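Work through the exercises below with the sequence and the 3D structure at hand. Try each task before reading its solution.

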Amino acid sequence: MEFNDALSIGMDDFSNNEEMEIPEVLPMMAVRDVVVFNYMIIPLFVGRPGSVEAVNEALGSNKLLMLVTQKDATKDNPKQEDLYSIGMVCMVMRTLKLPDGRLKVLVQAMSKARIKDYVRTDPSYQVTVEVIEDVEVQEITVEIEALMRTVREQTEKIMSLRGILSADLMMIINNIEDPGRLADLVGSNLRLKIVESQSILEETDPVRRLKLVNELLSKELEVSTVQAKIQNDAKEEMSKSQREYFLREQLHALQKELGDTDERLQEIEDLERKLRRTKMPKEVRKEAKKQLSRMEMMHPDSSEATIIRTYIDWILDVPWMKGTVDRLDLKEAKQVLDDDHYGLEKVKERILEYLAVRKLNASTKGPILCFVGPPGVGKTSLGQSIARAMGRKFHRISLGGMRDEAEIRGHRRTYIGAMPGRIVQGLKTVASNNPVFMMDEIDKIGSDYRGDPSSALLEVLDPEQNFEFSDHYLNMPLDLSKVMFITTANMTDTIPGPLKDRMEIIRLSGYTLEEKMVIARKYLLPRQIKENGIKAAQIKLTDDTIEYMITHYTHEAGLRNLEREIGKVCRKVARKIAEGGKGPYAISAATLDKYLGPPKNLPEAEREQLDQPGLVTGLAWTEIGGELLQIEVNLMPGKGKLTLTGQLGDVMKESAQAALTYCRSRSEELGIEADYFEKHDIHIHVPAGAIPKDGPSAGITMATALYSAITGKKVIKRLAMTGEVTLRGRVLPIGGLKEKALAALRADFDKVIIPELNKKDLAEIPQDIRSKMHFYPVKDMDEVVRIAFGKTAKTGGRKE
């Protein structure tokens, strides 16, 4: 144990060591090559069976353990006569089981004690102990003070000679006023023989113990002085060794002339040959040659030579001017995209536009695309298809949870274990300077005291800056303008504004029932049949079965759960075939529950439950796609209290207040008395109470539910709505209309009330969806009420 380490450990517990009662009988463990002093915290490696048993016994009771030192450290099974009788009662603070079966134990010395008798010797020692108290020092005399000062001064000199002197350590030593504690602390850190350390431990008079330590300190000071002189002489020898180095280099040159080369020269020649063959910018080649020259001048065993060698390897491995040739045949690229993905026309169109521009202008910069959509819609797999369509290499990194800026920019070479960032590592992996580089989960990137990775990405994802990206490790500009960066996210709200501004957002909203059926038939089912080792002829899934599986066993914007359910069916068929069945196995909607269990969703039953006054269906947007939002309102005699439940956020609470204000302002139209609201309590509830809900989309839904509960009228069937309401009844626009429309269609709601200002967003909804639904653009709540209760039918979708 080094002097400064033990000193700091020992002192940490001076003030925290509490008096505690020590039992008379304790488990005992023998230790080798160390004498434990009072107030020490020390790690021990325990491997002998008896010692392990003693530690476990201590842990099973009061964690107290008697530690004594062996007289002969070479004996594996010491007897009673091989052990000192005086040791330390210690508390086991922490244990760790090592892979080789040993225990690593952290103990704290509590009190000095003497072994009175051995109660048990097998399988481990158990002894009776007697606590030994130090003689109390009545008064710090001038002699004692002078002795303590001498010990402090000699300790400072020793630390100075060893190069470990610090102001903090000396402050700790100078603050100790008890001579016994000072003796224990300094004595525990001297490199003493076991006999000498044990003599210090057994001395109960603090003053005599300090005198003994002082004598040993004087001896140690002489040794340290001689040691420092030896080290100084060694430095003078350095110049001699350098002269010898140059002579050795001349010898190497002679050996080369004679055809007798060594491994060192061969290694440098290989690096020079590789440097000549590798294409790179002039300034990079100049730096590589400079570092290679430095490496030649260094001794091969020096640590800096290893660092430079690693740096040169990275320079040679980075594809500075090496890339793949883009496939610019638009028809072939379109065929590849269509083969891999069904639908997603916007994304495919954008990729083909880029290839068309590349065909006309070879120097165009790569686009920075950001695919935003719920999980399972194919964002990551789409990046792989884009790379295949363009004939480029593909590399993916995940940014989720990344908090260290060095993950992007790399570490500076001054740090031990430094390496380039994930960008440079990715380019080295694909060995190309123009790959498709996918960064997943950019909306889940973090930041802490180590830096902000999103700020480092500003340079990476900016076409005006990334042509000379600076990695801290390489410390040379790297051209990333040829890389096609694609990022993915579930939502854009958590992406920092400056970063979002640099990316072209492309939204993937989700799939309709028809699209899911085509994808399941064309992609998911064949893939699961192959993965589960069965043949297509051994399983029959009709379109009705797949549709029933989608509507009754999944509820998602993407396809992950659907593929899991198809995989579950394929596994059960695979088991039947493995048990001797021949098939084919035809699975219908009626028999699907034998494979997947009872249906998880019952859309028909849910719609029937909504056919009551005070129940209205709204639409909400979440990071996993559009969702239905059920609003329930109940009235009861009371004093006008408004209760809101269902884990509503502040925005939805304000929407509820605005909806109530609107209804109160329409008392005359509602046909109720002016004091109706003072005589009734209102309870607004949004089911699925364990899920937090917030957002400006439920205002008109709450107002309609209130209107329905007050009048006792039901809203028309299969109607959903979305929009925010003001105090005067105006309907304000919302976001995520396409996702909400898909959610309504999944739940078989064919009528949707939307704000008039969102009418323009209907163009983003595919025609096949609009042809199946009625959209009612409204300006105010009066129009909402007329439509919701069947008084008019102004549509913005298909014709009635």
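**Exercise 1: a pocket**

The second largest pocket holds about 640 Å³ of space. A pocket is an open set of points on a 1 Å grid over the protein atoms alone, with protein on both sides within 12 Å along at least five of seven lines, and lining residues have an atom within 4 Å of a point. This is a predicted model, where local features need pLDDT of at least 70 and side-chain atom pairs pLDDT 80 or more, while totals for chains, interfaces and linings use all residues. Residues are numbered from 1 along each chain as its sequence is written, and side-chain values use heavy atoms, without hydrogens and water.

Task: Describe the lining of the second largest pocket.

Solution. 
1. Of its 25 lining residues, His341, Val377, Gly378, Ser381 and Arg527 are the closest to the centre.
2. Two or more residues each come from α13 (379–390), α18 (513–531) and α20 (560–578); helices are DSSP runs (H or I) of at least four residues, strands (E) of at least two.
3. The most, six residues, come from α13.

Notes. On a 1 Å grid over the protein atoms alone, a cavity is a set of points where a 1.4 Å probe fits but cannot get out, and a pocket is an open set with protein on both sides within 12 Å along at least five of seven lines; lining residues have an atom within 4 Å of a point. Grid points are joined across faces, edges and corners, and a volume is the space filled by probe spheres set on the points.
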